[in-house]
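Please look through the structure shown below before reading on. The paragraphs after it are meant for someone meeting it for the first time.

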Amino acid sequence: MSSVFSATFAWLADPLHWSGSMGIPTRLAEHLQYTGLVMLIATAIAVPVGLFVGHTGRGRVAVVALAGALRALPTLGLLILFVLLAGIGLMPPVWALVILTVPPLLAGTYAGISSVDRNVVDAARAVGMTELQVLFRAELPNALTVMFGGFRTGVLQVIATVSVVAYINLGGLGRYLFDGLVLSDFPQMLGGSLLIAALAIAVDLVLSLFQRLFLAPGASKLSDRSQEAAVDLTDPVVAETVVQGGKS
Amino acid sequence: MEWFLANTGMILERGGQHLVLALVPMVLGLLISIPLAQLARQSRALRSVVLTASSLLYTIPSLALFIILPTILGTRILDPLNVVVALTIYAVALLVRAALDAFDSVDADVSQAAQAMGFKPVARFLQVDLPLSLPVMFAGLRVVSVSNISLVSVAALLGVGNLGMLFTDGLQRDFVTEVVVGIVAILVLALLMDSVLVLLERILTPWERTGPRRGRGSEDDHMEPAGAASRATSTAGEAA
């Protein structure tokens, strides 16, 4: 056991693995590029739809049903289906990942908007704000924390799933796992796994720091409970966002 | 369709493996997280330690955990035990949060009334707190069930037998039908488990259907943490 660990650390420490087109920095950059691209497209789709549904309440049932059904779709199956149908290349897996990332973002946006105190919304309307102003000046600012929760879940899900993408011959840190598997090179697999775990934890820390510093400087002083209290936890889609779901 | 009919036996076998790999961690996770949540409720410090640790573990991607665990457990990489342990860790991480929220959702007045009527702590927990926390608990369980079923298929990449094998095999043979059958089979399995959970919840919480619905006024929903409970009651029908 200890020999596996020392071999893994030797693999991680080897300067050969820190340069070149198969080096750790390159793989890390690829991993982050895929993640960024997917998040960009998914956010552009999910946030406007979530805002609309959260604000008007129209299509609520459809969104809840769709998000639930999409959540049950197996990541791996969808990735492979897209590759078989559309061929190898960057975009097929990216679209598969977008489909998987939209539900948590949508659920987060929708849960965020609907968790805003109705009194605040009514008050905003009463002082004469138009519907758009109500949405962007009253609901959105109050919903940001919950919405960002959905975004965080989404980012972590994509980082995890991008490691699977390596199985279909794309780059990213997942390559070390599958190259290692083929070669029965366990230190390489373990090294890659540790890098992926470290990346996920680091990104989550950065996002939570961002959330604390910029999104809710006041809210962090309140206990978490008072914020969650207004959210309906028996709705599985909402529960997923609050309980922190969406996993690959 | 022909392929499906010709391979029903194999698909059922893989489906069975899949179900076991998803179900066992869910049950284990539930059994671990209820006492853990009770423990975490003892103090604020314990609560934040449990929540931080669980969210940290939950952050680790499944594929990485499947590979890290054998080194810690001393198992082989193909051992289904790795998958069970990994998914149990995720289930505990989700369910501890759900259980904490669930126990918090129990109206403190009800709990105190039970105490005043002479319920001993253990009896009060089993007969009052636990049943009343079920709706929120079940929401958590349904999330775990769906997420487990989807996650099990990732283990097929490493060669652990389950429905995910249809994906890896389909890719190698460039055979779309097999992949589609795999996706449908997993969706059916997820739907089946979800229906069982919904049914179980209905049986275990008969008052949710017949009892008077509380919490119509939106004011007190937002005022106190227990508001989650009254909202839970008022919307349980929709969620199901």
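Predicted model: local features only at pLDDT ≥ 70, side-chain atom pairs only at ≥ 80, totals over all residues.

Residues are numbered from 1 along each chain as its sequence is written, and chains are lettered from A and ligands numbered from 1 in the order in which they are written.

Chain A holds eleven helices and zero strands, where helices (H or I, at least four residues) and strands (E, at least two) are DSSP runs numbered from the N terminus. Of its 248 residues, 52% are buried, a residue being buried if 20 or more other C-beta atoms lie within 10 Å of its own, exposed if 12 or fewer, and partly exposed in between, with C-beta atoms placed from the backbone. Among the contacts of chain A between residues at least 6 apart in sequence, 71% join residues at least 24 apart; two residues are in contact if their C-beta atoms, placed from the backbone, lie within 7 Å.

An unreviewed UniProt entry lists "domain: ABC transmembrane type-1" for residues 32-207 of chain A, and annotations of this kind, given in the numbering used here with shortened feature names, may be inferred rather than shown by experiment. In the model, residues 32-207 of chain A are 86% helix and 0% strand, with end C-alpha atoms 14 Å apart. The unreviewed entry also lists "transmembrane region" for residues including 33-54 and 94-113 of chain A. Residues 33-54 of chain A are 100% helix, with end C-alpha atoms 30 Å apart, and residues 94-113 of chain A are likewise 100% helix, with the ends 28 Å apart.

Chain B has twelve helices and zero strands, and 45% of its 240 residues count as buried. One of its helices, α3 (residues 44-59) of chain B, has 16 residues and reaches 23 Å from first C-alpha to last, close to the 22 Å expected at 1.5 Å a residue, the expected span being 1.5 Å times one less than the number of residues.

Which residues of α3(B) are buried? They are B:V50, B:S54, B:Y58 and B:T59, and because they fall within an arc of 165 degrees seen down the axis of α3(B), they line one face of the helix; the arc is that of the directions from the helix axis to the C-beta atoms. On the other side of α3(B), B:A45, B:S48, B:V49 and B:T52 are exposed. The cover over the buried residues of α3(B) includes α7 (131-165) and α9 (186-215) of chain A, together with α2 (8-40) and α5 (80-104) of chain B.
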